[in-house]
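Please open the model in a viewer and keep the selection tool at hand.

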Amino acid sequence: MDKEFLLVVNPISGKSNSLKTLDKIRKYLSQNNIQYSFFISRKPRSIIDNIKNYDFSKISKIICIGGDGTYNEILSGLYEHKIDLNRITIVPTNNGSGNGLYSSISYLQYKEFDLLPRHNDNKLNLIDYKINNEEKISFLGISIGIISDVDLSTEWLRFIGDKRYDLGGIYFMLNTYSYRLKVEYTKLNNSKHMIEDDFIQVFLFNVSHCSTNLLVNPEQKLNSKTITLVLIPSSISKYELMNMFLNISSDYSPFLENDKITVINVVNFVITPLDSQSENSLTIDGEKVLFNYPLSGNVSDKIIKIK
């Protein structure tokens, strides 16, 4: 094989097993005579800043040994340094505490170390979004509300893996916040809609899973050129909310079965926060984004290859 692989490692992702996974993948690549380089991230933005140091005319795949946050930094680095996304295949591994992208591909019979070129790559539509005059791309999706609250408030529990979401979920289901938002969107038939309400949760995802054990929409395909919009209003009762989140799993989504919850496919959106409480409720690809300006987005014409 004339092109090499780049292994990007976040040693503190999930339960901090990334270095063991690195050894396992290096052994696999060596056994298959695949040339590779590897980089271990030691601080925030180090992946973004180091991407420019590699010659991507010689690299065919980047293996992300971390979770969604690590994948986000890889993609951000490629985008920031204007590297052609179509030339690179990015391979997620199951090493984070969220692993939404990995779980979405696993849902399509993903094989972790099936890296050889005899198998076709999947293509993933991205989301172009803009907030506070900054234009960026999302590979996974956008969350506003209780899921973001749980994610951000349990960062300090990363060492226990995805169990941190269970603990945080119990607290926030009992102490539920709502956020006043104006949600504007365009459906596939080009009809435009606007809803202003208090919401417990808003999802905008272009993959099926938000995390390992959180299936958003089983019908969302990787390259469907649509975004799943889920709106959970504050009118839903604590009992319904508790029942819903206790039953959610990697292969079942209760959002589709509650008449109070909107689940639709859209091609673009604008979400405007109408209260200051929304400021710290937004995550994009699992990373916190200050939410004090309108957030707009659409299905991107950019596509990445994933394995």
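A cavity is defined here on a 1 Å grid over the protein atoms alone, as a set of points where a 1.4 Å probe fits but cannot get out, and a lining residue has an atom within 4 Å of a point. Grid points are joined across faces, edges and corners, and a volume is the space filled by probe spheres set on the points.

The model is predicted: local features need pLDDT of at least 70, side-chain atom pairs count only at pLDDT 80 or more, and totals for chains, interfaces and linings use all residues. Numbering starts from 1 along each chain as its sequence is written, and side-chain values use heavy atoms, with hydrogens and water left out.

**First stop: the cavity**

Select C64, G66, G67, D68, Y71, P92, T93, N99, L101 and Y102, which line the largest cavity. Helices α3 (68-80) and α4 (100-106) are the elements that each give two or more residues to this lining; helices (H or I, at least four residues) and strands (E, at least two) are DSSP runs, numbered from the N terminus. The volume of the largest cavity is about 40 Å³, and the count of cavities of 30 Å³ or more is 1. By class, the lining comprises 5 nonpolar, 4 polar and 1 charged residue. In this scheme Ala, Val, Leu, Ile, Met, Phe, Trp, Tyr, Cys and Pro count as nonpolar, Asp, Glu, Lys and Arg as charged, and the others, Gly among them, as polar.

**Second stop: I74**

Remain on helix α3 and select I74. This residue is buried, with a relative accessible area of 0%; buried means under 20%, exposed over 50%, and partly exposed in between (1.4 Å probe, protein chains only). The C-alpha atoms of I74 and I51 are separated by 7.5 Å, although the two residues are 23 apart along the chain.

Which residues of α5 are buried? They are I146, I147, S148, D149, V150 and D151, that is, 6 of the 8 residues of this helix. Centre on D149, in helix α5 (residues 146-153). D149 is buried yet has no salt bridge, and the nearest side chain of opposite charge, K288, is 9.2 Å away. A salt bridge is a side-chain nitrogen of Lys or Arg within 4 Å of a carboxyl oxygen of Asp or Glu; Lys and Arg count as positive and Asp and Glu as negative, while His and the chain ends are not counted. Beyond its neighbours within four places in sequence, D149 is in contact with F172, Y177, Y179, N280 and S281.

The structure holds 7 salt bridges. Select D128 and K302, whose side chains meet in one of them (2.9 Å, N to O). D128 lies in strand β5 (residues 122-131) and K302 in strand β16 (residues 295-306), so the pair ties together parts that are 174 residues apart in sequence. D128 is buried at 17% relative accessibility, whereas K302 is partly exposed at 24%.

Finally, select D49 and R45, which form a salt bridge (3.0 Å, N to O). D49 is partly exposed at 30% relative accessibility, as is R45 at 37%.

How values were computed: Contact means heavy atoms within 4.5 Å. On a 1 Å grid over the protein atoms alone, a cavity is a set of points where a 1.4 Å probe fits but cannot get out, and a pocket is an open set with protein on both sides within 12 Å along at least five of seven lines; lining residues have an atom within 4 Å of a point.
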